[in-house]
Amino acid sequence: MRVFLILVTLTCLANAQHQALMDYLERRLLAIEDRISLWHEQTNRYATELREFKQQMVAQIETLDKDKETLRTDLDSVGTRVDRVEREMDYLETQNGAQPCVDVDDKLVEQQVTVVKEKNKFKYAKATDCRDMISSIKAMKILKRVGGPKGMWTKDVGSSSGKVYIFNGTDEDTIYEFGSIRDFTISQGTSMAKTVKLPSPWRGSGHTVYNNHAYYVKEGKELRLIKYNLQNGSVADSAVFPVQDHVPVYSLTPETVIDLAADEEGLWAIYATKETERHISLAKMDANTLDIEQMWDTPCPRENAEAAFIICGTVYVVYNTALPSRSRVQCVFDVSDMVTNDDAPLVYFPKRYGSHSSLKYNPLEQLIYAWDDGYQILYKLAMKKKLEV
């Protein structure tokens, strides 16, 4: 009986422990269910909030896209208005007759004109019937950047060969010759060029290439003009420039003491001396013998001048202006007296990098080859007849 009671007691204890364990497990399961239910509730709430946030972001992006398009339209409108204002300013400047950036003594100008008339006792005999003059700059094209801030590049003015010549620097002795403009444009630097070694360094950036010859200035005790044959690689002729007391022809390009140029009329030399220190002089030269045929003192000031070019016997001097990144033809001198400063149109060059160290006119193409702070630039000209002035 006692054993039975012990067994009964043990069984009751076991049942009680089992019931307690079942109650504990049930409570744990209910707690887990509550947590799972809470997690589902929170997940649904987060999903709803995320969906609403996404809808808000989509609406904001659509609004920003509309604002962006409106802003782009406004900017285009502003750009158009700015371009129109610039054109109107250029027009007003041409109508108001802006004065040169340098002060020129009226009496001195009159004296120079008198000297010119006295020196030019014989009328200049034109070699051609060319009567073209520049009307405006029609377009510009920046080809590339090769070389230093100052230099000169050009085609052969008297030939249709198409070769391009690069004179880099103001005191060098190596010319780079390209077969064409395209070769120059696609070349990595001067890799596609033929090098031409000159017998002596050039001075300044006032050289030219005319009828298969390079004409340049050699500086020493005297200024000597060199005519170098590019076909056989030899000096064809040389001559001392027969003018004393030279000064730089352009104040903004002081390395250039003589600027050689070629046009429809042949070879020219633009220079300055202490005698006429404030103004530029001009000489017509024989391209074969380098003799000077005739000389003129122009009323064009040296001060603030960058460079010059010649078309049909008319020299156009380009000056730096007060306008940002602008150059302008402010003085014109025609050896045939068909065009005067009062008659000539105002010609502005488009935006530039620094200042022109050289401007070379090609009459076969009616283009100006310009060197501007190491950039090689082409200016397309609009022309008209001198009699239309």
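This briefing describes aromatic ring contacts and lysine–ring contacts in the structure above. The model is predicted, so local features need pLDDT of at least 70 and side-chain atom pairs count only at pLDDT 80 or more, while totals for chains, interfaces and linings use all residues. Residues are numbered from 1 along each chain as its sequence is written, and side-chain values use heavy atoms, with hydrogens and water left out.

**Aromatic pairs**

- A search of the whole structure finds nine aromatic pairs, a pair being rings of Phe, Tyr or Trp (its six-membered ring) with centres within 6.5 Å, called stacked if the planes are under 30 degrees apart, edge-to-face if over 60 and tilted for the rest.
- Among them is the edge-to-face pair of Phe 241 and Tyr 271, with 5.2 Å centre to centre and 70° between the planes.
- This pair links distant parts of the chain, 30 residues apart, with Phe 241 in the loop between β9 (234-240) and β10 (258-263) and Tyr 271 in strand β11 (residues 266-271); strands are DSSP runs of E, at least two residues, numbered from the N terminus.
- Both Phe 241 and Tyr 271 are buried, that is, under 20% relative accessible area with a 1.4 Å probe and protein chains only.
- Phe 349 and Tyr 379 also form an edge-to-face pair, at 4.8 Å centre to centre and 80° between the planes.
- Phe 349 counts as buried because its relative accessibility is 1%, and Tyr 379 counts as buried because its value is 0%.

**Cluster and lysines over rings**

- Trp 153, Phe 178, Phe 184 and Tyr 369 form one aromatic cluster.
- Lys 144 lies over the face of Phe 184, at 4.9 Å from the ring centre, where "over" requires NZ of Lys or CZ of Arg within 6 Å of the ring centre and within 35 degrees of the ring normal.
- Lys 284 lies over the face of Trp 268, at 5.6 Å from the ring centre.

Notes. Helices (H or I, at least four residues) and strands (E, at least two) are DSSP runs, numbered from the N terminus. Buried means under 20% relative accessible area, exposed over 50%, partly exposed in between (1.4 Å probe, protein chains only).
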